[in-house]
Amino acid sequence: MTPDILFNVIIKNRSAVVNSRDVAKVFHKRHNHLLRDIDRLRTDWKKLVSVTESKNGHSSTITEPKNGGSKNKTLNPNLSPVDLETLNNVSKLKFDDCFIPSTYITKDGRTVRSFDMNRDGFTLLTMGFNGRDALAFKLAYINRFNSMEQELTKRTTLYDLEKYLRKQLTDTIQRYYTGDNLGREIMQLTNLLYMVATGHNATKLKRDQGFNKDVSAFAEVLTSEERETYISAENRLIGLYTSGVNDYHELKERLGQKQPA
């Protein structure tokens, strides 16, 4: 059986995705063949959207170039209202939401394209993969997508909570800080929270995981478990700072102490 580590569904840009390279490895396909299949899906997708829009407008016929000429395509006039509604729903999806262009660097330094796929993109691509192993792999991927989407829901909830706490922390520091560099104080204490939650500051977290330096480490990098630890430490920091504990080293020591279960 393929090692579980290969079922590499990750959260990227707040969406659960899997890269086409990992799918190729799991299903024992050549990656360039998967890219070819995705390109075909893109072409068919455009045709479907064009036909559906044409049907909903004034004409049900579109013209598509082929071999230097043209060929008329007509939507089946016998499609039921349910069929048309299904086509309408499909046409509202965006190809680039299902198949997000990406790249990777080969061993010889070449930049090669790939795709990050969400659940819909993965399903469309692998729909035609048949056989017992292919079914097992698809079920394993569905399980991973379910897990990561649950994780994404947790992260979103914690992100919304932290936004409120962040304002409370900033207001607290502004109220009780007596130094002459407020911005530096806020940044230093924010990095202290990252250290408590993960053992690393925000810059290292983003660099090690390949994120742009301008993104929010909390919003894009931290797991739900790390967010819970961060928020717990943030609550304690607000309380300590309010009570007059504002020496960095003392705060670091206090926040580093394990809390009773």
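Asn 118 caps the N-terminal end of helix α5. One of its side-chain oxygens lies 3.1 Å from the backbone nitrogen of Asp 120. That is a polar contact, defined as a pair of N or O atoms within 3.5 Å; within protein, one atom must be able to donate a hydrogen and the other to accept it, and residues adjacent in sequence count only if both atoms are side-chain atoms. The model is predicted, so local features need pLDDT of at least 70 and side-chain atom pairs count only at pLDDT 80 or more, while totals for chains, interfaces and linings use all residues. Residues are numbered from 1 along each chain as its sequence is written, and side-chain values use heavy atoms, with hydrogens and water left out.

**Helix α5**

- Helix α5 covers residues 119-126. Helices here are DSSP runs of H or I with at least four residues, strands are runs of E with at least two, and both are numbered from the N terminus.
- Which residues of α5 are buried? They are Gly 121, Phe 122, Leu 125 and Thr 126. Buried means under 20% relative accessible area, exposed means over 50%, and partly exposed lies in between (1.4 Å probe, protein chains only).
- Seen down the axis of α5, these buried residues fall within an arc of 115°, so they line one face of the helix. The arc is that of the directions from the helix axis to the C-beta atoms.
- An α-helix has 3.6 residues a turn, so residues three or four places apart point the same way.
- Gly 121 sits in α5. Its relative accessibility is 0%.
- Gly 121 and Asp 97 are 24 residues apart along the chain. Their C-alpha atoms are separated by 8.2 Å.

**Helix α6 and its partners**

- Helix α6 (residues 132-176) meets helix α10 (residues 224-242). Their axes come within 9 Å and cross at roughly 20°. Axes are lines fitted to C-alpha atoms, for helices over the stretch in contact, and angles run from 0 to 180 degrees between N-to-C directions.
- The helices α6 and α10 are therefore roughly parallel to each other. Angles under 35 degrees count as roughly parallel, over 145 as roughly antiparallel, 65 to 115 as roughly perpendicular and the rest as oblique.
- The contact of α6 with α10 has 12 nonpolar, 6 polar and 8 charged residues. Nonpolar covers Ala, Val, Leu, Ile, Met, Phe, Trp, Tyr, Cys and Pro; charged covers Asp, Glu, Lys and Arg; the others, Gly among them, are polar.
- Left-handed or right-handed: how do α6 and α10 cross? Their crossing is left-handed. A crossing is left-handed if the near helix is turned anticlockwise from the far one by less than a right angle, and right-handed if clockwise.
- The axes of α6 and helix α7 (residues 182-198) come within 10 Å and cross at roughly 135°. This pair is therefore oblique, and the crossing of α6 and α7 is right-handed.
- Leu 189 belongs to α7. Leu 189 is buried, with a relative accessible area of 1%.
- The C-alpha atoms of Leu 189 and Ile 173 are separated by 9.5 Å. Along the chain, the two residues are 16 residues apart.

**Helices α10 and α11**

- The axes of α10 and helix α11 (residues 248-256) come within 10 Å. They cross at roughly 135°, so α10 and α11 are oblique to each other.
- The crossing of α10 and α11 is right-handed.
- Gly 244 lies in the loop between α10 and α11. Gly 244 is partly exposed, at 48% relative accessible area.
- Gly 244 and Tyr 177 are 67 residues apart in sequence. From C-alpha to C-alpha, they are 9.4 Å apart in space.

**Other loops**

- Asn 13 lies in the loop between β1 (10-12) and β2 (15-19). Asn 13 has a positive phi of about 50°, although it is not a glycine. With 60% relative accessible area, Asn 13 is exposed.
- Arg 14 is found in the loop between β1 and β2. Arg 14 has a positive phi of about 60° and is not a glycine. Its relative accessibility is 43%, so Arg 14 counts as partly exposed.
- His 28 lies in the loop between α1 (20-26) and α2 (31-56). His 28 is exposed, with a relative accessible area of 64%.
- His 28 and Ala 134 are 106 residues apart in sequence. Their C-alpha atoms are 9.5 Å apart in space.
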